[in-house]
Amino acid sequence: MRLFFAVALPDAVRERLAGLVSELKEKVPDAPVGWVVSGNVHLTLRFLGDVDDATLPRLVAAGEEAARAAAPLELELAGVGTFGGRASPRVIWIGITEGDGLASLKKIAEGLE
């Protein structure tokens with residue numbers, strides 16, 4: 001199975017991002033982007049790729065340990081960019097401003113590594 005570690009976003013944030021997605025779809029209707037439904041929007045910390053089922057319990061334990069080591073997150077989203085270039089975007093991302101929340105997020109990501 002294809003796995004990744006991610007942070008779930010609050011409903012209010014996902015709703016605002018859904019509005020942004022609607023705007024982007026109108027502005028670039030032919031973009032080769034796989035638009036994600038708002039319920040699946042998340043903050044990826046680490047993509048793992050294909051992982052066998054036997055490894056899953058160790059990954060869950062590692063994720064829990066990394067999350068316990070960090071302070072609660074309060075993040076401010078800012079900026080939009082793409083992976084794949086502006087001419088052929090494949091992924092659209094939202095940036096995070098510097099601050100304590102980002103430092104905690106980085107600590108979690110480092111723990112996952």
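1. Let's start with leucine 56, which sits in helix 2, residues 56–68. Helices here are DSSP runs of H or I with at least four residues, strands are runs of E with at least two, and both are numbered from the N terminus. This is a predicted model, so local features need pLDDT of at least 70 and side-chain atom pairs count only at pLDDT 80 or more, while totals for chains, interfaces and linings use all residues. Residues are numbered from 1 along each chain as its sequence is written, and side-chain values use heavy atoms, with hydrogens and water left out.

2. Leucine 56 has a relative accessible area of 33%, so it is partly exposed; buried means under 20%, exposed over 50%, and partly exposed in between (1.4 Å probe, protein chains only). Together with Met1 and Val60, Leu56 forms a nonpolar surface patch of about 230 Å² accessible area. Areas come from the Shrake-Rupley method with a 1.4 Å probe, and for residues only the protein chains shown count as cover. Patch members have over 30% relative accessible area and no salt bridge; nonpolar side chains (Val, Leu, Ile, Met, Phe, Trp, Tyr) are joined within 5 Å, like charges within 9 Å.

3. On to charge pairs: the whole structure holds two salt bridges, meaning a side-chain nitrogen of Lys or Arg within 4 Å of a carboxyl oxygen of Asp or Glu. One joins arginine 14 to aspartate 11 at 2.6 Å, N to O. These two are three residues apart in helix 1 (residues 11–27), so about one helical turn separates them. Arginine 14 is buried at 18% relative accessible area, whereas aspartate 11 is partly exposed at 49%.

4. Glutamate 113 and arginine 46 also meet in a salt bridge, at 2.5 Å, N to O. Because glutamate 113 lies in the segment after helix 3 (100–112) and arginine 46 in strand 2 (residues 42–50), the pair ties together parts 67 residues apart in sequence. Glutamate 113 is exposed at 64%, and arginine 46 is partly exposed at 31%.
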